[in-house]
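Me: I would like to learn how to read a few features in this structure. Could you take me through them?

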Amino acid sequence: MLKRLLLGSVVALGFAGNASAETVNILMEGVPDTQFVKDLIPEFTKETGIEVNLEVVNYAEMHTKLVPQLVAPKGSYSAIVVDFYWVGEFAKAGWMQPLDDRIKADNVDTSVYIPALMDLVGQVDGTTYMLPFYNYAMGLTYRTDLLADAKNQADFKAKYGMDLKVPATWDEYLKQVEFFTKDGMHGVVNQGLRPDPIAMEWSNYLFANGGEYHDADWNPTLNNEIGIKAVEQYKTAIDKFGPVGSASFSFDEAFNVMAQGKAYSYITYNFFRPAYDDPSKSAVVGKVEIMPVPGPTPDKGGSLNGAWGWAIPKSSPNPDAAWTFLKWVESKEIAKKRALAGGSPTRTDVFDDPDLNAKYAYFPALKQMLLTSHNFPVFTYTPQLVEVLGRELSLAVAGEKSAADALAAIEAEMAELAKKDGKLK
């Protein structure tokens, strides 16, 4: 039945009948969603006659390989995937083709995408350059069995005067982190490696306290009571409530601590959620769940967003064939098949699909996470800002700078980058 629906949608969207033998070349990162796309490509080729060649590399190689092709009059990549880190740079350089005319001509409904993801890897200043591909928003993974334990519940109530349950606020969660640091268990494990891991993870602490990176005019808003509190809380989590060495952990090391049952919680990318139920990777199968990072109040989340988008470069040798592929790969049927395989969707109708909700009980939490998540500053110098954050936050965690001094340095350099980009007047 699903295959018949898929074939019907392919014909309806105008995928069939392409008699010319073309090849769409795409450079992609070696992540699970890339494999899920690769597994489905034979269906696309069968219906369209268009071959798709995926060149898969690690993240560190992608930008270096992309840029020479993007600046060329005609490059070798028909379509590209764009990390939110690069959106500002690629848009300002004019490397991506606007998609609005194609979207209108083919009646592609972009309203199905999570709004924050369209802001992050969809539109730039009102022009659509990308279709959101997959999300890697960060959420709070926590041990459900520890929350449900009767002795833990009684002890927590006696110590804090409140029930031990899924945390509704950031303050409630921090109490749990302190409480569960005992008997060889860590309340939390952090990914403190500089620059990207600590910058991304700490952003959740900032948002959870009600902070933001900048105001509407791009004036930095970090060096204040909220920002200082977020830095001090992060330092305390590493120094008092986490395993030795977590100041230099990347996400793999931190995940392993959590998966081995040695921590109550870990703020991490949502694509790690299925791995907790994989016996080959986890000793806590059936004992870990994910939720939006709690915010300052129950109605405000603290999660950091993250995503990639599909785009067609100005230098694409065959943009029409690339668009045919983009329409197909982001159609509801294919997005659903990718999600059923374990992918991280970006469409609300996929998150609401009954088959997916039956298979993955945590899907409603993932949708809520994305609906309440916060975007990292997206501008031409996003990667440079991450470097600054990583350096200064690491100095603060190591005790080599005060939180205020570290944030002051971040603000100063962020302001200069924003002025250089024309964001801050």
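Reply: Gladly, and let us start with burial: buried means under 20% relative accessible area, exposed over 50%, and partly exposed in between (1.4 Å probe, protein chains only). This is a predicted model, in which local features need pLDDT of at least 70 and side-chain atom pairs count only at pLDDT 80 or more, while totals for chains, interfaces and linings use all residues. Residues are numbered from 1 along each chain as its sequence is written, and side-chain values use heavy atoms, with hydrogens and water left out.

Me: Is E55 buried, exposed or partly exposed, and what is its relative accessibility?

Reply: E55 has 28% relative accessibility, so the residue counts as partly exposed. K65 is also partly exposed, at 31%.

Me: Which residue forms a salt bridge with E55?

Reply: The general idea is that side chains of opposite charge can pair when their charged atoms come close. Here a salt bridge is a side-chain nitrogen of Lys or Arg within 4 Å of a carboxyl oxygen of Asp or Glu. E55 forms one with K65, with 3.1 Å between the closest N and O atoms. E55 lies in strand β2 (residues 51–57) and K65 in helix α3 (residues 59–71), so their pairing ties together parts 10 residues apart in sequence. Those element names are DSSP runs numbered from the N terminus: helices are H or I with at least four residues, strands E with at least two.

Me: How many salt bridges does the structure hold?

Reply: There are 22. One of them joins the side chains of K327 and D106, at 3.0 Å from N to O. K327 is in helix α13 (residues 319–329), and D106 is in the loop between α5 (100–105) and α6 (115–121), so this pair ties together parts 221 residues apart in sequence. K327 counts as buried at 11% relative accessibility, whereas D106 is partly exposed at 30%. R273 and E289 also meet in a salt bridge, at 2.9 Å from N to O. R273 sits in the loop between β8 and β9, and E289 in strand β9, 16 residues apart. R273 is buried at 4%, and E289 is buried at 19%. There is a network of salt bridges too, linking K332, K336, D353 and D355.

Me: How should I read a strand, and which faces of β7 are covered?

Reply: In a regular strand the side chains alternate between the two faces of the sheet. In β7 (residues 138–143), 6 of the 6 residues are buried. Both faces are covered, with M138, L140 and Y142 on one side and G139, T141 and R143 on the other.

Me: Which strands pair with β7?

Reply: Two strands pair if DSSP finds at least two bridges between them. β7 pairs with β8 (residues 265–269) in the antiparallel sense over 5 bridges, and G139 stands opposite T268 in β8. β7 also pairs with β9 (residues 288–291) in the antiparallel sense, over 4 bridges, where T141 stands opposite I290.

Me: What about helices: at roughly what angle do the axes of α2 and α13 cross?

Reply: Two packed helices are described by the angle between their axes and the distance between the axes. Axes are lines fitted to C-alpha atoms, for helices over the stretch in contact, and angles run from 0 to 180 degrees between N-to-C directions. The axes of α2 (residues 32–48) and α13 come within 11 Å and cross at roughly 120 degrees. α2 is therefore oblique to α13; under 35 degrees counts as roughly parallel, over 145 as roughly antiparallel, 65 to 115 as roughly perpendicular and the rest as oblique.
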